[in-house]
Amino acid sequence: MSGSGSGQQDVDIDLGGLFRAVWDRRVKVLLATAGVAALAFGATKMIAPDYQSETRVLIESREPEFSGPNQASQAGADRVFDESGILSQVQVLRSADLIKQVARNMKLYELKEFDPSAAPSALSDLLVMLGLKKNPLEMPPEERVLKEFNDKLQVYQVEKSRVIAISFTSKDRQLAAAVPNEMAKVYLALQSGAKLDTNSEATRWLEPEIANLREKVRDAEAKVAAYRASSDLLPTGETTNFATRQLTDISTELARVRGERANAEARAAGVRSALASGRAPDTITDVVGSQMIQRLKETEANLQAQVADLSTTLLDGHPRLKALKSQLEGIRGQIHTETRKILTSLENEAKVGELREQQLVQQLNALKAQSAQAGEEEVGLRALEREATAQRQLLETYLARYREATSRTVENATPADARVISNAVVPTSASFPKVLPITIVAALATFLLSCVVIMLGELFSGRALRPVSATGERLAPVRPRPALAASAADIPIVAADTSPDVAPVADGDAVDLLPAAQTSDADADAAEAAAEPDFSIEAVAEHLRATGVRVAISVSPGGDEGSTATVMLARLLAEDGVKVVLIDLTGSACPTRLMARSPQLPGITNLLAGEVPFTDTIHADRFSDAHIIPQGDADPRQAMRGIERLKMIIDALTNAYDLVLVECGPADEMAVEKIAGRDGAEIILSAPSVSDERIVEVLTGFGAAGYRDIVLMTGQAETDPDYPDQDAA
């Protein structure tokens, strides 16, 4: 750390001196460390040790193997212990009822450790008498035990698991292990008892409900039977009634009768067609199948055989042949008559089928009307059946749950949804105090604190601070160079008496420009040792960084050459990490051409004329991190009407930038006064190749206008080996 100021010498911290101061006092530091370590060791040894033991309980669903089928299938789904479920069980273990039960079971109220208020000290009695402390004996013994128990108890969920740890601290080793085990035992008993109470309550609630449901089922089924009888909806199957079944039977019979009638009509048509066409009737199936026709055919065949036999011996006119031929004609007439009878029989059969069909159609129509009425009446029947079915299913569900609940009312039939996976054991070592760690920590803390106190004492006394010369201090992060300024009060010129501080030079022709006044004797010695004053761009940049100038006005008597040097100054400052913005107020727009990406960008004239917002006029430089507000393309006369806004614009820019650089071109002192006033801004005279007479003339004009400190920039920028391209633009 270093500091600098007017009339003060820069200093830095001497780290070696700090460590030497600690080393010189090493004996005291070691004695303090050893003393505190000994005190910590003795104090921890005097404290009565506390012992801690832990029981772990796993929360899981535990269903007995004799559970009902529904319960067994849904056991995993109904009892899922999520994060909130485990935390709820933690709160159950910390509940007052469970702790009081443990205290009663183990008779903890008889132990002084759990009721220290039973034998108060003299100091406690005094505080109670003065009203500064509430009398602890006013609390019931159970409440006092509960308070001490909670102070010694820790119940927490093991991270990313369904395991709950029960940790207890006590002065007694045996008690430290017995209490967590008893808590786990009482917790499991309470959980099992809660489930048993739930089953008992369910049994008591289900008994009257089942009795009520039985009556409802009986009434519902009676209503179904009465409705069936009154509506003639006698069931003939699971899904059909008598009317529907009868309609189905009639439809089947009607289809059969229609088929038989059609068959009879077809057979009669075949016989009629054979008779009409003169075909032999024995080709017809119904004729051939008749027994009478078959006997007549046999007789005809016999007569034909006899006629054929006698024709060989007798003449045609023989009476015997005439008799046989007469019989043969009679037989054939009988066959024809029998065929007619068969045809008549078939026609009669068809007519009977038609009559039967008509009767069945009439019955079918009547049954359709009855079936439609039965369908309307079945709506009410189905409603009654649904009600009866719902009541019956509810009754069966209640009966199943009642049987399950009854089977679980037996002791140990409902285990708790938890089990002990790790019982607490008697601890062998104390949990507090840890003698060795406490001693080591106390020794280290004392050692560090002693070293810090010694170092702070050295710093506050000034013994750890060492002076640093001005030439050895780095004022800027890039290149340390002395800043040179030319003041109108310190410039000797020839035959010029306009300024009270000017004096003639011996040779009468040249102008001797001297560096500005120094801030210390070391700076004066360095300036006297310099053979030539440095007015380069780098020196001016160094001067602006060192003095922390916020606004700088650059005047270029030589025109664009000086404006170009100002652009190089802005880029050099940007390379050194300074946030700089350049405002182009020149008439030639030289900075705009060098830095802006396009000459048509909106700039300062547009802003003064009120044509664009503030942010639209700020643009990035093409070759550096600097920003530029270009000249713009607005009417200059209209822009000059708002010149009074320029100071406000510059003030606003100083809030966002480290340096606001205004390039005015070959402006005079009156124009500069309109921009920056008489004070608050650094005036830079950028004259790379301007003659000394012209420089003296300009400086004299600014001196007469009241500007005392003017920075002269006449030299060219020197390329730094670390930044070979800084002047490439």
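1. Let's start at Phe447, which counts as partly exposed because its relative accessibility is 35%; here buried means under 20% relative accessible area, exposed over 50%, and partly exposed in between, with a 1.4 Å probe and protein chains only. Phe447 is found in helix 14 (residues 435-461). Helices (H or I, at least four residues) and strands (E, at least two) are DSSP runs, numbered from the N terminus.

2. Before going on, a word on what you're looking at. This is a predicted model, where local features need pLDDT of at least 70, side-chain atom pairs count only at pLDDT 80 or more, and totals for chains, interfaces and linings use all residues. Residues are numbered from 1 along each chain as its sequence is written, and side-chain values use heavy atoms, with hydrogens and water left out.

3. Back to Phe447: together with Leu30 and Leu448, Phe447 forms a nonpolar patch on the surface, with about 300 Å² of accessible area in total. Patches take residues with over 30% relative accessible area and no salt bridge, joining like charges within 9 Å and nonpolar side chains (Val, Leu, Ile, Met, Phe, Trp, Tyr) within 5 Å. The areas come from the Shrake-Rupley method with a 1.4 Å probe, and for residues only the protein chains shown count as cover.

4. Now the salt bridges: the structure holds 19 of them, each being a side-chain nitrogen of Lys or Arg within 4 Å of a carboxyl oxygen of Asp or Glu. Arg25 is partly exposed at 31% relative accessible area, whereas Glu458 is buried at 7%.

5. Lys171 and Asp50 make another salt bridge, their closest N and O atoms being 2.7 Å apart. Lys171 is in the loop between strand 5 (163-170) and helix 9 (173-231), and Asp50 in the loop between helix 2 and strand 3 (51-59), so parts 121 residues apart in sequence are tied together.

6. Glu60 lies in the loop between strand 3 and helix 3 (69-73) and Arg419 in strand 6 (residues 418-422), so the pair links parts that are 359 residues apart in sequence. Elsewhere, Arg258, Arg261, Glu265 and Glu357 are linked in a network of salt bridges.

7. In helix 21 (residues 646-654), the buried residues are Leu646, Ile649, Ile650, Leu653 and Thr654. They cover an arc of only 140° around the axis, which puts them on the same side of helix 21; the arc is that of the directions from the helix axis to the C-beta atoms. In helix 5 (residues 83-93), the buried residues are Gly85, Ile86, Gln89, Val90 and Leu93. Their arc falls within 150°, so they line one face of helix 5.

8. Last stop, strand 15 (residues 709-713): four of its five residues are buried, so strand 15 is largely enclosed by the rest of the structure. Four bridges join strand 15 to strand 14 (residues 682-686), and the two run parallel; strands pair if DSSP finds at least two bridges between them.
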